[in-house]
Amino acid sequence: MQDLITSTINTFDVRAQYPDSDAMNRLENYFKSGDLRAKASLAISANAKSIITKAVAKSLMYTDITAPGGNMYTCRRYAACIRDLEYFLRYATYAMLAGDPSILEERVLNGLRETYNSLGVPIGGTVRAVQAMKEVTADLVGTEAGKEMGVYFDYICSGLS
Amino acid sequence: MSIITSSIKSADREARYLSLGELKAIANFYQGGQDRLRLAQILVANETEIVNKGSQRFWQRYPNTPSNTGNPTFRASCMRDQGWYLRLITYAIVLGDTEPIEQTGIKGTKEMYESLEIPLKNLAECMRCLKEVTTEMFSLKDAAAIAPYFDYIIQGFL
């Protein structure tokens, strides 16, 4: 995995160049937003369970998915769904701290769509739940940090669809 | 690897969020970021001067070295490599870790320079000269932040 610093260095090292002013500005803003990122991570880890609960209530509960015949019907499947949402939230938080989505690609999205398709897990419902997590998280951590987290929730969604 | 990535990696191995202690360390790293960028920018702005001065000092100390034989290619390569090492040092300063130096500039270096018949002892001295002229430009505190990366390279040549 990379963070914003290593990804900048890797990009410029292969060209034997110093980072240009755009890249420097990005790094500077990244360092400046450090407090915000650390605080958001702390708030999310303290409220991870309730974020998932609220997001599921918002997006999946009482829909066809949880009804008999739906993909979240039976406790075992419900639990598997919750577990995956927990993974998404944790990895999105990692990516937000790093300022780089590569960890999502490596640890979450790589082969996930194929796995879900073979297991019959509906992508649409998953995307709905991740979008709900995005809203719930933004309510918790505030607009600015919420926007940053949103980038990585959206990254998961676009990687799935 | 920055402290950010290494903390995330160890948290991920245990499938947990980052601890308060880890986040505090990261927050400190973020806060020091602007200062590290400042140091790197000074190095970038003075690259030519540093390399020129470093080369002069090196050739004074080690007159019998391939880059001082009057061969313009050898001379230019020597100065180019100094510039490259300086660039790797700016990367390492911003990252707060020696990884970029190690990956690009240390692994395989001995084998490469030996096959080019460039004495490693001379290279180490060249880097020492580069370190001296660089640290002379900075305050004691800033120099102390930069010097370890030069030392890392010098160690890599020995």
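**Charged pairs, core and interface**

Modeller: Let us begin with a single side chain: A:Lys49 is exposed, because its relative accessible area is 61%, and the cut-off for that class is over 50%. Please note that the model is a predicted one.

Biologist: With which residue does the side chain of A:Lys49 meet in a salt bridge?

Modeller: Side chains of opposite charge can pair when their charged atoms come close. Here the partner of A:Lys49 is A:Glu86, at 3.2 Å from N to O. The pair links distant parts of the chain, as A:Glu86 belongs to helix H5 of chain A and A:Lys49 to helix H4 (residues 48-59), 37 residues apart. A:Glu86 counts as partly exposed, because its relative accessibility is 28%.

Biologist: How many residues apart are B:Lys53 and B:Glu49 in helix H3 of chain B?

Modeller: They are four residues apart, about one turn of that helix (residues 47-61). B:Lys53 is partly exposed at 43% relative accessibility, and B:Glu49 is partly exposed at 37%. Elsewhere, B:Arg57, B:Arg61, B:Glu125, B:Arg128, B:Glu132 and B:Glu136 are joined into one network by salt bridges that share partners.

Biologist: Which residues touch the most other members of the largest nonpolar core?

Modeller: In soluble globular proteins, nonpolar side chains tend to be buried together. In this model the largest such core has 97 residues, and those touching the most other members are A:Ile5, A:Phe31, A:Phe88, A:Leu89, A:Met133, B:Ile8 and B:Phe157. Helix H5 of chain A (residues 75-98) contributes the largest share, 12 residues. Beyond its neighbours up to four places away in sequence, A:Phe88 touches residues including A:Val108, A:Leu112, A:Met133 and A:Ile156.

Biologist: How much area is buried between chain B and chain A?

Modeller: The size of an interface is often given as the accessible area lost when the parts come together. For these chains the value is about 3100 Å², with 68% from carbon and sulfur atoms. B:Tyr17, B:Tyr30 and B:Tyr91 supply 26% of the area that chain B buries against chain A, more than any other three residues. The contact involves 36 residues of chain B and 37 residues of chain A.

Biologist: How many salt bridges does the rule find across this interface?

Modeller: The rule finds three. B:Asp12 and A:Arg107 form a salt bridge, with their closest N and O atoms 2.2 Å apart.

Conventions
Residues are numbered from 1 along each chain as its sequence is written. Chains are lettered from A and ligands numbered from 1 in the order in which they are written. This is a predicted model: local features need pLDDT of at least 70, side-chain atom pairs count only at pLDDT 80 or more; totals for chains, interfaces and linings use all residues. Side-chain values use heavy atoms; hydrogens and water are left out. A nonpolar core is a set of buried Ala, Val, Leu, Ile, Met, Phe, Trp, Tyr and Cys residues joined through side-chain atoms within 4.5 Å. Buried means under 20% relative accessible area, exposed over 50%, partly exposed in between (1.4 Å probe, protein chains only). Helices (H or I, at least four residues) and strands (E, at least two) are DSSP runs, numbered from the N terminus. Contact means heavy atoms within 4.5 Å. Buried area is the accessible area (1.4 Å probe) that two parts lose on being put together, summed over both. A salt bridge is a side-chain nitrogen of Lys or Arg within 4 Å of a carboxyl oxygen of Asp or Glu.
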